[in-house]
Amino acid sequence: MASTIRVRAIANGDTTEVQALIQHPMDSGFVKDAQGAVIPAHFIQQLSFEHNGKRVFLADWGPAVAKDPYVKFAFKGAAKGDELKISWVDNKGASDSTTAKIQ
Amino acid sequence: MRFVIALVSAALAASVIVSAAPASDAPDPAADAEAFRNYFVTKFPKVKLEDFVNGPYSMNKDMRRQWQEKEEFPPYEFALEAGKEMFAAPFKNGKTYADCFENGGIGVRQNFPYFDAKQGEVITLELALNRCRTANGEAPLSYVKDEMASLTAYMAFTSRGKPFDIKIPDDPRALAAYENGKRYFYTRRGQLNFSCASCHVQSPGERLRAEILAPALGILNAMPIYRSEWAGMGTISRRFITCNSQTRAVPEEAQSEDYRDLEYFLSYVSNGLPISGPGARP
Amino acid sequence: MNFSIEKFSATRRLVLQGTGAVALFGLGGLAAPPARAAANDKYPEEAFKLKTDKDAIQALYGRTAEASDKVKLDAPEIAENGAVVPISVTTTLENVTSISFLVTGNPNALAASYAIPEGTVPGVANRLKMQQTSNVIAIVDAGGKLYSATKEVKVTVGGCGG
């Protein structure tokens, strides 16, 4: 199956800009389906980015983060060709991870 | 023009006018398209012609910024990838979608819909994709669900920037289809008594409840679209159906003759404007 | 109002790059699950369950924040759809360790909280849901003190409905 994680990490000098989009329903637990039953909360709780074994960014998310969540940040100290490891875990214990090459 | 002629006819002898009137009443798609484009360009002098394909985002600055933010990593990206995979996956008989289209289906979105002289009907991209499936022994896809939207998203993406190039051949049936689509566009219907034009010609840029109305010029160039309101993708079929139901009119079946003719008309009058799909919309 | 075409080509280029990256690294999904958390990376479950922004900030940081013009919060005047509201923050403050977003009109105010390790630029952009017109608050923890910026975002189509 295709990864749920899309990443763009682009180095510009010493700063690397990272954008990630993750395929996830991010159900809030406040929405009802067509039959009127509450759709249980299902959302990513933590999303982590690591470069050379060092964490460079950690997101703690609640159900108010939009469906197919997006995040953008930047960090220093990486070079083109370095690898960035991205992983998430949700409130049901599901997880995914991937590695992206910095461009 | 017609108005002018009517005035003139009141002033002059009828015999002079009779010969002029039929000519001006005959369907003239090229003149329609020019008048259509001029109407929008005049109404929105600050909007560049090719920007009309960006719908409500060409009309409102605050929304445009939100759109640019979305386009940094667009929400249709997953559909685009799914469509690319689907497009390449062979049918059970070993053939693929590419075998059904000119240039293997790459960069051809701007040529749809077209009038098929053999079948005597308008062929939209969505219809062509399903005819391709059935011709190869596969069940057709739903016109309003994700798979069809993913396929058209991919085909639009490979055609981005190419101007709509819709042709109306010298065939009375093609002209009739165009005229039927035009009639559908301007006819009021439903409990709210709205025509397509009530919103998308008279009121683009204005709010209808929470939404900013898109201009009809270029409105199909961005299809299919990811709508935040749908939290997912939608085809042209889906958009027409929901437009009808939002104005409390009875929607037609997806890919009905009226809808296909409407798509023919709307695409033709947007000739020259670039394909921008897949798009993201509120 | 004149960048649509450039925008398209830029986006197209980026999307193509993105697709390439996916093709190359799509097998990453088989890799190990995320390394779970030294104690200070623990998911702040309780803070996300609290109703008000004040309670959530207290639970997260144990302190109150003061408004600062060094915290730049960027959010739309009118959200095009409450389901997807682009919101970002940047700051000129130094020694930033954490940035959080709260939406006062949501059932639970805390939306997202980000750890900013040393070497990471103190700024983040994300997309949040908003149920109704309300304030969005950005909190920046810098040098052990809390700073905030607040902006009202009007919501006409709520992001929590069906």
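How many of the 103 residues of chain A count as buried, in percent? The figure is 54%, where buried takes 20 or more other C-beta atoms, placed from the backbone, within 10 Å of a residue's own.

A quick note before we go on: this is a predicted model, where local features need pLDDT of at least 70, side-chain atom pairs count only at pLDDT 80 or more, and totals for chains, interfaces and linings use all residues. Residues are numbered from 1 along each chain as its sequence is written, while chains are lettered from A and ligands numbered from 1 in the order in which they are written.

Chain A has 0 helices and 7 strands; both kinds of element are DSSP runs numbered from the N terminus, with at least four residues (H or I) for a helix and at least two (E) for a strand. Its C-alpha atoms fill a box of roughly 55 × 25 × 20 Å along the principal axes.

Now for chain C: 46 residues of chain A are in contact with 43 residues of chain C, and contact means C-beta atoms, placed from the backbone, within 7 Å. Several strands of chain A each supply at least two residues to that side, including strand 1 (5-12) and strand 7 (95-101). The residues on this side of chain A divide into 22 nonpolar, 14 polar and 10 charged.

**Paired strands**

Two strands pair if DSSP finds at least two bridges between them. Here are two pairs:

| Strands | Sense | Bridges |
|---|---|---|
| Strand 4 of chain A and strand 6 (residues 110-115) of chain C | antiparallel | 4 bridges |
| Strand 5 (residues 225-227) of chain B and strand 7 of chain B | parallel | 3 bridges |

Across from Leu58(A) you'll find Ala115(C), in strand 6 of chain C. In chain B, Tyr226(B) stands opposite Ala280(B) of strand 7.

**Over in chain B**

In chain B, 3 strands make an open sheet in the order 6-5-7, with mixed pairing. Strand 6 (232-234) and strand 7 (279-281) of chain B are at the edges with a single partner strand each, so one side of each has no neighbour in the sheet.

Chain B has helices too. Helix 6 (residues 125-135) and helix 7 (residues 146-157) of chain B pack at about 110°, their axes 11 Å apart. That makes helix 6 of chain B roughly perpendicular to helix 7 of chain B, a label for angles of 65 to 115 degrees. Among the residues making the contact are Leu125(B) of helix 6 and Met148(B) of helix 7.

Technical notes. Axes fitted to C-alpha atoms, helices over the stretch in contact; angles between N-to-C directions. Parallel < 35°, antiparallel > 145°, perpendicular 65-115°, else oblique. Contact = placed C-beta atoms within 7 Å. Nonpolar A, V, L, I, M, F, W, Y, C, P; charged D, E, K, R; others polar. Buried ≥ 20, exposed ≤ 12 C-beta atoms within 10 Å, placed from the backbone.
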